[in-house]
Amino acid sequence: MQEKFEELRQRAKQELCDVTSSRALFELKSKYLGKNGEVTALLRGLKDVPAEERSSFGKMINDLKVEISAYFDEKEILIKEKEIAEKFEKEKIDITLPGKEQPSGSLHPLNIVKNQILEAFCGMGFEIFEGPEIDNDYYCFQALNIPKDHPARDMQDTFYFTDNILLRPHTSPGQVRTMENKKPPIKILSPGRVYRADDDASHSPMFHQIEGLVVDKGVSLCDLKGLLDEFVRIMFDDETKTRFRPSYFPFTEPSVEVDVTCCKCHGKGCSLCKGTGWIEILGAGVVNKKVLEMSGIDSDVYSGLAFGLGIERITMIKYGISDIRTFFESNVKFLKQFNRR
Ligand code: FA5
């Protein structure tokens, strides 16, 4: 029996030497120490051993079991260490490698400039009011002193759904809607998309305007000039000058168009400013008394100032862009230039 135990011990030791994985170790352990293992079978056979030898046999089998279990425990530690080392090796990463660049989006240049314009005016106490893009003839024209069949409608020809319903050609209806709903003093900005039957390098069928309206006691053209000079100083620089040219809008009297010195040639004359040294950025004026009255404001007590600027035009001047259509082509190479991370 002694030899049998010895043979079992040696065989278990030998087979353990060849084991290289947790899986193989588990299977070998079952072979010797499992429910149907060889050592367990010896213990089960004790009942057939004569009673006087049973105790010493039992002790020998137990010792053998403890010894073989210790071999397995030792081996298990070694295999686990080996397997962890292999896993680390396989999953090793080089933390000194540079990270993969994540492309980030950016605001569209028109939104960048729109935000700058809104910020400039909000800093001067203006609030924002947005009107509808689809509007009716009254708000787009009649309430702005442009009766049906008036020739001034040609300047702002737009797209009609019916004789009465149209895509607004300017943000000026925002003036009327505000005056109808708000008591003076009024100081609002009305930004949004507008539409016109235009299409060339400097005119788009859809573009963006920001309307400004101030209604209070005693406001005059001087206030308008001071306001717009300050706006130009904030948007461009101290060198940029403004020029007020007489103009005509049925809803303002007097009316002006405001030019700024060309950002490219600084007033000398170049292709961008068509040799004049100046670029027009907006239309403005003192609100026509008729418009105030039609909107329910007493024109003997209050006066108003209004201006309407094109965001595309200002963005083109700021960034030296010569064709308005580049804003709407969704060309990522063009748009990436404005990513100011
Ligand atoms: C108007 O739209 C007036 N409602 C502005 C106004 C408001 C005057 C309040 C007085 C008081 P005008 O048609 O000039 O005005 O347009 C204003 C600005 O919009 C222009 O200076 C120009 O910058 C821009 N603009 C006009 N048409 C287009 C177009 N098709 N594409 C791009 N920008 C345009």
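Visitor: Is N145 buried or exposed?
Guide: This is a predicted model, in which local features need pLDDT of at least 70 and side-chain atom pairs count only at pLDDT 80 or more, whereas totals for chains, interfaces and linings use all residues. Residues are numbered from 1 along each chain as its sequence is written, and side-chain values use heavy atoms, with hydrogens and water left out. Buried means under 20% relative accessible area, exposed over 50% and partly exposed in between, with a 1.4 Å probe and protein chains only. Because its relative accessibility is 17%, N145 counts as buried.

Visitor: What is the value of phi at N145?
Guide: N145 lies in the loop between α6 (137-140) and β3 (165-167), where helices (H or I, at least four residues) and strands (E, at least two) are DSSP runs numbered from the N terminus. Most residues other than glycine have a negative phi. N145 is a residue other than glycine with a positive phi, near 65°.

Visitor: D149 also has phi near 65°; is D149 buried or exposed?
Guide: D149 is placed in the loop between α6 and β3, and its phi is positive although the residue is not glycine. With a relative accessibility of 76%, D149 counts as exposed.

Visitor: Which residues are the closest to the ligand?
Guide: A residue is taken as near a molecule if one of its heavy atoms lies within 4 Å of it. There are 26 residues surrounding the ligand, and they divide into nine nonpolar, twelve polar and five charged; here Ala, Val, Leu, Ile, Met, Phe, Trp, Tyr, Cys and Pro count as nonpolar, Asp, Glu, Lys and Arg as charged, and the others, Gly among them, as polar. The closest of the surrounding residues are S172, R196, D198, S204 and E280.

Visitor: Which element gives the largest share of the shell around the ligand?
Guide: The elements that contribute two or more residues to this shell are β5 (206-216), β8 (278-287) and β9 (303-310). The largest share amounts to five residues, and the element they come from is β8.

Visitor: What is the computed C-alpha separation between H208 and V194?
Guide: H208 lies in strand β5 and is buried, because its relative accessible area is 18%. H208 and V194 are 14 residues apart along the chain, and their C-alpha atoms are separated by 5.7 Å.

Visitor: Where is the P185 that a cis peptide bond joins to P184, and in which strand does P254 lie?
Guide: Most peptide bonds are trans. The bond joining P184 and P185 is cis, with omega about 0°, and that from E253 to P254 is also cis, with omega near 0°. P185 is in the loop between α7 (173-181) and β4 (186-195), whereas P254 lies in β7 (residues 252-261).

Visitor: How many of the nine residues of α7 are buried?
Guide: The buried residues of α7 are P173, G174, Q175, V176, R177, T178 and M179. Helix α7 is mostly covered, and its count of buried residues is seven.

Visitor: With which side chain does the side chain of T240 make a polar contact?
Guide: T240 is found in the loop between α8 (221-235) and β6 (242-249), and it counts as buried because its relative accessible area is 16%. At 2.8 Å, the side chain of T240 makes a polar contact with the side chain of D237.

Visitor: How far apart in space are L43 and K225?
Guide: L43 sits in helix α3 (residues 38-45) and is partly exposed, with a relative accessible area of 29%. L43 and K225 are 182 residues apart in sequence, and their C-alpha to C-alpha distance is 109 Å.

Conventions:
Polar contact = N/O pair within 3.5 Å; in protein donor to acceptor, adjacent residues only side chain to side chain.
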